[in-house]
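I opened the model and kept notes as I went. The entries below follow the order in which I looked things up.

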Amino acid sequence: EELQAISNSAKGGAKAAQETADAAIAGVNQTNERISMLDDYEERKVVSVNFKVNSYVLSDEAKTILDAIAAQAKTEKGYVIEVAGHASADGKLEINRKLSRDRADAVIQCLVEMHNIPQRRIASTFGYGISQPVADNTTKEGREQNRRVDVKILVSKGLLAPVNVAKPATSSAIEPQRDRSAGTSN
């Protein structure tokens, strides 16, 4: 009976140790998954600000839109802002590329100077020129829509992932057994 009790106690200790090890492995796997998702982003908000022909000056309406996106960005954890400038098909290709970069730079300047968005939070900026229209460049309305800067708030999925800390199962530790035949403890 005593050997059976010792055996059962050892089995219980082994089971508790295995549960603790399994919980630790699950925690490591979850941490690895979160780390691998750090450079995957979820779009939280996307806005476009429009510009007049041959201009990269922000209108009052554009500033109001940027005020709102800056305010939201500051409430996010682990955010970055992506800024992409665009142009309509009016004019020469190289001029439109430069104009789209200048528009993106105007947006960044506003976000950094007027709203204190740290430059490290500006993930990328690019002037696409006419390569990514959202509307038909053969119509006046389409060209107006294409003269824009798209601004996106992106938040790291790795930082958004919930953290579940598994508690290991508690079990009584194996206590030293007494040698009852000798009447002394080990």
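I set the burial cut-offs first: buried means under 20% relative accessible area, exposed over 50%, and partly exposed in between, with a 1.4 Å probe and protein chains only. I am working on a predicted model, in which local features need pLDDT of at least 70, side-chain atom pairs count only at pLDDT 80 or more, and totals for chains, interfaces and linings use all residues. Residues are numbered from 1 along each chain as its sequence is written, and side-chain values use heavy atoms, with hydrogens and water left out.

**Entry: R103.** Is R103 buried or exposed? R103 counts as buried, because its relative accessibility is 1%. I found R103 in helix α3. Helices here are DSSP runs of H or I with at least four residues, strands are E runs of at least two, and both are numbered from the N terminus. I then listed contacts, meaning heavy atoms within 4.5 Å. Leaving out residues up to four places away in sequence, R103 touches F51, K52, N54, S55, Y56, H86, A87, R147, R148 and V149. I checked H86 separately: its C-alpha lies 7.8 Å from that of R103, and the two are 17 residues apart in sequence.

**Entry: the fold.** I counted five helices and six strands. From the N terminus the order is α-β-α-β-α-β-α-β-α-β-β. The protein has 186 residues, and 29% of them count as buried. Among contacts between residues at least 6 apart in sequence, 80% join residues at least 24 apart.

**Entry: the core.** I took a nonpolar core as a set of buried Ala, Val, Leu, Ile, Met, Phe, Trp, Tyr and Cys residues joined through side-chain atoms within 4.5 Å. The largest one has 24 residues. Those with the most contacts inside it are L58, L66, I81, V107, L111, I117 and V151. At least two core residues come from each of β1 (41-50), α2 (60-73), β2 (79-85), α3 (93-115) and β4 (148-156). Helix α3 gives the largest share, six residues.
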